[in-house]
Amino acid sequence: MALLRGVNLGKRQLKMEDLRRIAGDLGLENPSTYIASGNLLFASEKSETALKSALEASLAAHMGAPVGVMIRTAAEMAAVAAACPFDVPGNRAVAIFLDAPPPADAAEHAKNQANEEIALGGRELYVHYPDGQGPSKLGLPAAAKGTARNMNTVAKLAELAMGKA
């Protein structure tokens, strides 16, 4: 699956039908989307690097600006859902997907941290927002090029992806 960064926020609008068409044009099998925040499910034998490169290039051409893409397999998404260290409602915790493992000191470099909790994952950062993500002023430099999904969405994507596997 592909998780797009920063689409459908403000002026960066991407119709999910356009995303599915782009995926089909790239030869990705059975493209489908889940909610309008840039979650693309598909089947492909291509490598993560090839998928990321092709999607980013096609999306940049379509959007007129770069769009970051994080690629995860169905098994990886299920592992992210299972590894969340916070026993809280899924709308109060997020996984921030990265291309590489977060630096060991990522939490130490957090800015404006109030009561948020931060934990490291494999290629993710987990954040618990006790008061919700909206009012939080938390800044994570290590997550600057990542894309976040709340744990409800992560669990649903894992479920949908496992059905496509």
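1. In this predicted model, helix α2 covers residues 48-63, and the length of this helix can be checked by simple reasoning.

2. Which residues of α2 are buried? They are Leu51, Lys52, Leu55 and Leu59. Viewed down the axis of α2, the buried residues fall within an arc of 95°, and they therefore line one face of the helix. An α-helix has 3.6 residues a turn, so residues three or four places apart point the same way.

3. The buried residues of α2 have several partners. On the face of α2 turned away from the buried side, the exposed residues are Thr49 and Ala61.

4. Gly64 comes after the helix, and its phi is positive, near 75°.

5. The largest pocket has a volume of about 520 Å³. It is lined by 23 residues, of which Gln133, Gly146, Thr147, Ala148 and Arg149 are the closest to its centre. Two or more residues of the lining come from each of the elements β5 (93-97) and β8 (147-150). Strand β8 gives the most, with 4 residues.

6. What is the make-up of this lining by class? The lining of the largest pocket has 11 nonpolar, 10 polar and 2 charged residues.

7. Asn30 has a positive phi of about 50° although it is not a glycine. This residue is found in strand β2 (residues 29-33). Is Asn30 buried or exposed? With a relative accessible area of 56%, Asn30 is exposed, since the cut-off for that term is over 50%.

8. The second case is Asn112, likewise not a glycine, whose phi is positive at about 55°. Where is Asn112 found? Its place is the loop between β5 and β6 (117-120). The relative accessible area of Asn112 is 58%, and this residue is therefore exposed.

Key:
Residues numbered from 1 in each chain as written. Predicted model: local features only at pLDDT ≥ 70, side-chain atom pairs only at ≥ 80, totals over all residues. Heavy atoms only, no water. Expected span 1.5 Å × (residues − 1). Buried < 20%, exposed > 50% of the residue type's maximum accessible area, 1.4 Å probe, protein only. Arc of directions from axis to C-beta. 1 Å grid on protein atoms, 1.4 Å probe; cavity = no way out; pocket = protein on both sides within 12 Å on 5 of 7 lines; lining within 4 Å. Points joined across faces, edges and corners; volume = space filled by probe spheres on them. Nonpolar A, V, L, I, M, F, W, Y, C, P; charged D, E, K, R; others polar.
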